[in-house]
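Here is a short report on one protein model, written for a reader who likes to check contacts and angles directly. Please keep the viewer open while you read.

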Amino acid sequence: ASSLSSRQSVQSVSENANNIITSLKETIWILDNDAITITDLVDRFKLYANKTGRNFSDIQIRFKETLINNHVLSPSESLNLFRIMQEVLQNAFKHAHAKTITIFVRTDDTTYISIKDDGVGFDADNNTHGNGLLNINHRAKEAGYNVAIISTENGTEITLKKNKPFAV
């Protein structure tokens with residue numbers, strides 16, 4: 001029994017190390033670019049989601065996009081959006097017991113991002129999953145987005161919408 005526990009511990013440390021390395025690579029990619037378009041960000045997130053999803057083969061990831069305007073994002077906005085999307089996706093993978101996660105991005109005068117799962121949901125008022133929701137709210141505010149979190153026994157949807165329209 002102790003060798004199983006030891007193997008699980010090594011596997012957990014290995015997963016954490018891989019997550020940290022992936023996170024650093026994404027941060028470096030964002031900070032190395034002065035201007036990232038929403039299309040660049042969505043494409044990069046697709047790669048991340050599909051790579052991470054390999055560890056959760058029983059969950060299907062769907063992407064839907066309507067990218068009318070290819071807005072340019074600042075490094076700070078890009079980093080905050082990417083981190084929010086990572087957090088939401090990780091929570092869905094680890095806690096939702098979902099079969100499907102749908103990621104929808106629409107840009108026109110504003111940017112709208114939705115990550116929805118068909119899992120078990122959670123009670124946002126009695127959340128015991130640490131600081132994840134606080135981080136999401138803080139990062140959304142930093143990036144200039146409104147965030148809405150709706151969770152029921154039929155799943156969770158977290159949406160982000162740009163507070164102000166982009167200048168034309």
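Threonine 100 is in contact with Ile59, Gln60, Arg62, Lys116, Asp117 and Asp118, leaving aside its neighbours within four places in sequence. This threonine sits in strand S4. Threonine 100 counts as buried, because its relative accessibility is 13% and the cut-off for buried is under 20%. Please bear in mind that this is a predicted model.

Not counting residues up to four places away in sequence, isoleucine 103 touches Phe45, Ala49, Ile61, Arg62, Phe63, Lys64, Leu89, Ser114 and Ile115.

**The overall layout**

The protein has four helices and seven strands. The protein has 168 residues, of which 37% count as buried. If you take the contacts between residues at least 6 apart in sequence, 69% of them join residues at least 24 apart.

**The nonpolar core**

Which residues touch the most other members of the largest nonpolar core? They are Phe45, Leu89, Ile101 and Ile103, in a core of 30 residues. At least two residues of this core are supplied by each of helix H2 (38–53), helix H3 (75–95), strand S4 (100–107), strand S5 (111–117), helix H4 (132–143) and strand S7 (155–162). H3 gives the largest share of the core, with eight residues.

**How H2 and H3 pack**

Helices H2 and H3 pack with their axes 11 Å apart, at an angle of about 25°. The two helices are therefore roughly parallel to each other, since angles under 35 degrees fall in that class. Their crossing is right-handed. On the H2 side, the contact is made by Leu41, Arg44, Phe45, Tyr48, Ala49, Thr52 and Gly53. On the H3 side, the residues are Ser78, Leu81, Phe82, Met85, Gln86, Leu89, Gln90 and Phe93.

**Salt bridges**

The count of salt bridges comes to four. Three of them are set out here.

| Aspartate 43 | Lysine 46 | 4.0 Å |

Let us take the pairs in turn. Aspartate 43 and lysine 46 are separated by about one helical turn, because they are three residues apart in helix H2. Aspartate 43 is partly exposed, with a relative accessible area of 37%, and lysine 46 is partly exposed as well, at 22%.

Are the two partners buried or exposed? Lysine 162 is buried, with a relative accessible area of 14%, and glutamate 77 counts as buried at 8% relative accessibility.

Aspartate 108 is partly exposed, with a relative accessible area of 26%. Arginine 106 is partly exposed too, at 27%. Salt bridges that share partners also join Asp43, Lys46 and Glu65 into one network.

Where does histidine 97 lie? Its place is in the loop between H3 and S4. Most residues other than glycine have a negative phi. Histidine 97, although it is not a glycine, has a positive phi of about 55°. This histidine is exposed, with a relative accessible area of 63%.

Lysine 141 has its place in helix H4. Lysine 141 is exposed because its relative accessible area is 70%, and the cut-off for exposed is over 50%. From C-alpha to C-alpha, lysine 141 and asparagine 163 are 9.1 Å apart in space, while they are 22 residues apart in sequence.

How values were computed:
Residues are numbered from 1 along each chain as its sequence is written. This is a predicted model: local features need pLDDT of at least 70, side-chain atom pairs count only at pLDDT 80 or more; totals for chains, interfaces and linings use all residues. Side-chain values use heavy atoms; hydrogens and water are left out. A nonpolar core is a set of buried Ala, Val, Leu, Ile, Met, Phe, Trp, Tyr and Cys residues joined through side-chain atoms within 4.5 Å. Buried means under 20% relative accessible area, exposed over 50%, partly exposed in between (1.4 Å probe, protein chains only). Contact means heavy atoms within 4.5 Å. A salt bridge is a side-chain nitrogen of Lys or Arg within 4 Å of a carboxyl oxygen of Asp or Glu. Axes are lines fitted to C-alpha atoms, for helices over the stretch in contact, and angles run from 0 to 180 degrees between N-to-C directions. Angles under 35 degrees count as roughly parallel, over 145 as roughly antiparallel, 65 to 115 as roughly perpendicular and the rest as oblique. A crossing is left-handed if the near helix is turned anticlockwise from the far one by less than a right angle, and right-handed if clockwise.
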